[in-house]
Amino acid sequence: MKSGVRALGIAESYRERRSTLAGVVTRASRVTDGFAYESCTVGGTDATDAVIHLFSDLDREDVRYLFVAGIALAWYNVVDLHRVSEATDRPVISVTFEESPGLVEALEAEFEGEELARRKAVFERQPPRERLAVNDQTVFVRSVGVDSGEARDAVRAFTPEGGRPEPLRVARLAARAGDEFRRTRDISY
């Protein structure tokens, strides 16, 4: 992959009722050249809209891929990867870092009725996770708007070391810093 190809990485940090989402534009060469912030509700259903708004706010036509750290942000606020891909006209690649039995049992333990049905419907529309060896680690990838081979290549191209793609690594740091700034300044949103 050419060194100038850009990806938007989106990761979160949350406390109490709101989650700070950070978006970081990173080149395959590891140069970061854009930041944006958005928020979503912990335990809510607005993560998909928040991810779309974050992309829109950046107004970066040069972004080729969207990486999302996981699929259930902010305590089961499930991201609809299909909707994000359609709204942004970009491939969306969700990367998780731990093996798990899936999300359905956890959703059923935490929600019921319409709240459960809504989350399960979004989750069940998403593509399955694929195991991927990256450097010396294993990650799990879902992709929409791009075939599995290109998704694997993109994850590897943006992961120069370890197992966390650079756009997601930097976005996680930015989200934590933004969340800490809000906490220490008692800023609500």
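How many residues apart in helix α5 do R118 and E115 lie? I counted three, about one turn of the helix. Helices here are DSSP runs of H or I, at least four residues, numbered from the N terminus.

I noted the ground rules next. This is a predicted model, where local features need pLDDT of at least 70, side-chain atom pairs count only at pLDDT 80 or more, and totals for chains, interfaces and linings use all residues. Residues are numbered from 1 along each chain as its sequence is written, and side-chain values use heavy atoms, with hydrogens and water left out.

I looked up the salt bridges (a side-chain nitrogen of Lys or Arg within 4 Å of a carboxyl oxygen of Asp or Glu). The structure holds 19 of them.

I started with E108 and K120. Their closest N and O atoms are 3.0 Å apart.

I went back to E115. It forms a salt bridge with R118, at 3.7 Å between the closest N and O atoms. E115 also meets R119 in a salt bridge, at 2.8 Å, N to O. E115 and R119 are four residues apart in helix α5, about one helical turn.

I then checked exposure (buried is under 20% relative accessible area, exposed over 50%, partly exposed in between; 1.4 Å probe, protein chains only). R119 is buried at 2%. E115 is partly exposed at 33%. E108 is partly exposed at 42%.

Definitions and conventions
Helix = DSSP H or I, 4+ residues; strand = E, 2+ residues; numbered from the N terminus.
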